[in-house]
Amino acid sequence: MGISLDVIVDLQYGDCGKGKVSHYLSKTQKYTHVLRYNGGCNAGHTIFHKGKKFVTHHIPAGVFFGVKSIIGSGCVLDPDQLFREIQELEAGGVKTKGKIFVAENTHVITQKHKDEDKQKGAKIGTTGRGNGPAYRDKYGRTGVRADSVKRLQPYLIDMYKEWYERGKDVRILAEGAQGFGLDIDWGDYPFVTSSHCTTAGALLNGLPATSVRNVWGVAKIYETYVGSKKFQPKGDVFNKMGDIGEEFGSTTGRRRQCNWMNMQTLERAVRMNGVTHLVFNKIDVLREIGQWAVIDNNKVVNFKSEKEMNDFIVRRLKPLGLDRKHVFFSEHKDRI
Ligand code: IMP
Ligand code: MG
């Protein structure tokens with residue numbers, strides 16, 4: 001008996017397609033649990049399931065396949081949003097009963113947190129969902145935990161018991177939120193979110209370091225960022241990326257700023273997260289635009305073709321321990 005853990009982690013600024021990868025891996029039925037390990041309802045995971053579009057904020061993708069889906073202690077939870085989401089899933093034909101759990105020691109986002117974030121979050125360009133104030137109160141030791149909220153009682157779970165005392169093999173798929181560039185420690189502070197978005201963040205949910213098997217890094221073939229700092233350079237090509245890639249926030253509807261993929265951000269994220277498999281999404285967006293480029297050491301490097309660019313990327317990943325057979329190029333239109 002033992003615990004194994006596969007982690008899905010975003011290597012850029014969120015919105016790289018973690019939801020899609022989580023949905024794909026959950027479908028294999030290899031996992032006993034799918035765990036959301038950080039963040040709150042600032043996240044928006046867009047998932048196409050049986051031809052229908054769903055946007056989840058708290059609930060991990062295991063729920064679409066009847067796998068136990070846990071909102072972990074690394075998260076902050078807005079109960080109103082949780083119940084709204086359960087309703088939406090049920091209305092869309094997804095059975096949630098007995099499948100959704102909240103760790104007893106998860107902190108709760110209150111109305112006060114939301115009000116404060118809406119008022120004061122503009123400097124950073126937060127999603128206004130109360131995420132930062134809820135984490136601040138957690139660390140200030142004045143927060144509210146899920147186990148003291150009455151309406152959450154039917155969903156509570158003791159993660160120690162769940163991981164270690166069931167007497168069965170535990171195979172967890174851990175689904176991260178946001179991304180490396182928004183990580184509280186390694187992102188571009190202060191333009192970051194308030195949680196740990198890296199693989200390490202998954203372990204904070206009571207899991208042993210020895211349990212990590214595969215780390216699925218998810219990136220986009222170009223970059224997007226939503227928030228207050230200036231990110232998008234001048235040039236029509238970046239507006240085209242936004243239009244063709246449908247780059248609008250799934251939580252707030254804000255237009256995402258676009259840029260070419262930064263190789264140094266990617267390399268740092270691959271190293272620090274211990275990535276073993278890497279998915280690049282939205283390759284077809286650049287195909288439609290007909291331009292291929294990355295930023296390397298602060299300079300734009302142009303390529304003549306998709307193949308030339310992909311080969312360049314694969315070459316750069318090799319010294320980081322990623323083989324060609326563990327690098328995948330996926331399309332936006334390829335909805336699973
Ligand atoms: P907060 O997490 O709402 O406090 O927002 C902090 C920063 O992270 C802002 O720039 C947000 O736009 C960004 N952010 C938070 N959640 C997401 C997400 O799920 N995808 C993309 N950006 C996000
Ligand atoms: Mg998103």
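## A predicted fold and its magnesium site

Asp15 has a relative accessible area of 25%, so it counts as partly exposed, a class that lies between buried (under 20%) and exposed (over 50%), with a 1.4 Å probe and protein chains only. The model is predicted, so local features need pLDDT of at least 70 and side-chain atom pairs count only at pLDDT 80 or more, while totals for chains, interfaces and linings use all residues. Residues are numbered from 1 along each chain as its sequence is written, chains are lettered from A and ligands numbered from 1 in the order in which they are written, and side-chain values use heavy atoms, with hydrogens and water left out.

Let's start at the metal. Asp15 (OD) and Gly44 (O) coordinate the magnesium ion, ligand 2, at 2.1 to 2.4 Å. These two residues are 29 residues apart and link distant parts of the chain: Asp15 sits in the loop between strand 1 (3-10) and helix 1 (18-27), and Gly44 in the loop between strand 2 (33-36) and strand 3 (45-49). Donors are N, O and S atoms within 2.8 Å of the metal (3.2 Å for Na, K and Ca); water is not among the atoms, so sites may look incomplete.

Here is how some residues of interest compare in accessibility.

| Residue | Relative accessible area | Class |
|---|---|---|
| Gly44 | 15% | buried |
| Arg287 | 36% | partly exposed |
| Arg141 | 76% | exposed |

Zooming out, the protein holds 10 helices and 17 strands, taken as DSSP runs numbered from the N terminus (helices H or I, at least four residues; strands E, at least two). Buried residues make up 56% of the 336.

Arg287 belongs to helix 9 (residues 283-289). Apart from neighbours within four places in sequence, Arg287 is in contact with Trp292, Glu306 and Glu331, where contact means heavy atoms within 4.5 Å.

The backbone has a few details to check too. Most residues other than glycine have a negative phi, and most peptide bonds are trans. Tyr189 and Pro190 are joined by a cis peptide bond, with omega about 5 degrees, and Pro190 lies in the loop between strand 10 (170-175) and helix 6 (199-203). Arg141 has a positive phi near 60 degrees, and Asn297 one of about 50 degrees. Asn297 is in the loop between strand 15 (292-296) and strand 16 (299-303).
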